Amino acid sequence: MADTAVLAEPPAPPEPVRRTLTTVLCLAFLVLSLVLAVRIGAGTGWAEIGRAVGGRLGVPVVPLSRLQDSLIWDLRVPRVLLAALVGAALAVCGAALQSVTRNSLADPYLLGVSSGASTGAVVVVVLGFGGSRLGVTGGALIGALVAFSVLMLLLRRTGLDSVRVVLTGVVVGQLFAALTSLILLSSGDADSIRAVTHWLLGSLASARWSSVAVCAVVLALGLLVVWLCSAALDGFAFGTDTAASLGVDVRTTRIVLLVTTSVLTAVAVAAVGAVGFVGLIVPHGVRFLVGPLHRRLLPLSAVVGAVFLVWTDAVTRVVFAPLEVPVGVFTALLGVPLFLLVLRRRGEL
Amino acid sequence: MRISAEHLDWGVPGKAIVRDVELVVEPGETVGLIGPNGSGKSSLLRCLAGLRTPVAGAVRWDGADAASLGPRDRALRLAFVEQTADTDSDLRVAEVVMLGRTAHRSRWRGPDAHDREVVAAALDRLDLADLADRPWKQLSGGERQRTHLARALAQETRALLLDEPTNHLDVRHQLELMELVSGTPQTVVVALHDLAQAARYCDRLVLLHRGALVAQGGATEVLTAPLLREVFEVDAEIGRDGLGHLAVGYREPAR
């Protein structure tokens, strides 16, 4: 058949140099963003940040006053780090779920896990279950895991095909959303409703080192697991039978990915609430830049997601200061035009 | 690879789709699967490909029960091309063909030089080298079909199962594809609609009717007027065309 065909160049060889450069640039940009965001958020000079952070790293510096030190080290730094971790986690989950469900509208909240988290948070805040020991974060985490268990219970005898996963996820999400509304409307006072609404929209105001540590560990493990499924995620592009014929253990891989993305989402939502849009738009934007292969798409989505949320949070603080507006409100405001831009460039709009 | 079906039954609850099929495909043979719409060609192919677990009976590959093999083992032995496998993804032609290397790679590494060579060779064989960087959405139906076949070749298996691979192809590409399929040393089972094409390129034909195997053998044994009337419900006349190939002419349906 190739008799008459012009012998073509083989597909472009790997360019380790270019790839390393891209990686270094991305990470440098991420670190730069983190540092700048701490500076913007803290509203102090470089010297103070240097003294607070440097002191912790063993650099001999003149210590700050305890109040200033605590402001930077206990509030600003964890806030920026948590923004990065949550942004990365949501973007990775979005990228993976868009492939698993073969649905470009999929985002981390599609499976109803975040609705479960809300219900858990509301149960703790409004009904007072678990009291202060559990806290909003603990309640949200339990709620998310309950919702995920319900989802897997409903899916247990199926082949986990995309349509069924999406529909079941939507149903579970609706169930828990209804429960949340019911509890809020029946027994919430104005203050707790306000507090919960703030949390539901996604806010980084309550970031602490403990949640940074948990998120960091879960994200590292989750990203590794999802990345090791890269080939399978690529193979899902043409549906179940083709994926299986390529050597993908379709059902097992889907379970692994659903569990991993749900745990990632649960931890992210429990830490900061349901920050919207990051998980939907970041993977699309990154696909536009580097193509749909997951070996590249997943790590880069993590970096871009991190940078996106760090900057959105910083901008939100500056624009609305001194008001503390949930960052989730602003991700959507920023995300919609960006998303439209990507769609238009791809020729889909 | 020798592929056999032993008393193979498959179906969905309440409906038997493949009924008691007995079939042996010898190594290197090209077998054409023919039959009207809904006769169970695609389902039988999926069973033979190990993608469906038989309700009763078994599918054996070189004697081993296909159902007992893991997905990766299966993918190293047999490649399968669906009738219409489409995607929303922006994968490029070379990337789709590279999917065929999935089972050959470890989770930890990306494609290596050997994978790239195999992909380039597969692209060449299907006349796709110039389209290597073309995104899926910009391909015509025929180009997509050829990309899938290149992907299956890149899998480097000893058996190839194809579901109506000549759909969407223009005449030249149909002939080239059938030449390739019948010329490959791989064991091939191919579902086809064009009876004359099946007769010309396949070593043996298998005729399915309502999920059951009603005839198998050489083209002249299977393509007979009485059998075609019974299975396809058409009056046909079998003869030779000007080039000496077997040809099937159809009369108007009686009604």
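Biologist: Over which residues of chain A does pLDDT stay under 50?

Modeller: The general idea is that pLDDT is the predictor's confidence in each residue, from 0 to 100. In this predicted model, local features need pLDDT of at least 70 and side-chain atom pairs count only at pLDDT 80 or more, while totals for chains, interfaces and linings use all residues. Residues are numbered from 1 along each chain as its sequence is written, and chains are lettered from A, with ligands numbered from 1, in the order in which they are written. Here pLDDT stays under 50 over residues 1-10 of chain A, although the chain as a whole averages 85, with 92% of its residues scoring at least 70.

Biologist: How do the strands of the sheet in chain B pair, and what is their order?

Modeller: Strands of a sheet pair through backbone hydrogen bonds, either parallel or antiparallel. Strands are DSSP runs (E, at least two residues), as helices are (H or I, at least four), numbered from the N terminus, and two strands pair if DSSP finds at least two bridges between them. In chain B, four strands form an open sheet in the order E2-E1-E4-E5, with antiparallel pairing, and its edge strands are E2 (15-25) and E5 (64-65), each of which pairs on one side only. Strand E1 (residues 3-12) of chain B joins E2(B) through seven bridges, and B:Gly11 has B:Ala16 as its bridge partner in E2(B).

Biologist: How many residues does each chain bring to the contact?

Modeller: Two residues are in contact if their C-beta atoms, placed from the backbone, lie within 7 Å. Chain B brings 38 residues and chain A brings 29, and on the side of chain B the largest share, seven residues, comes from helix H4(B).
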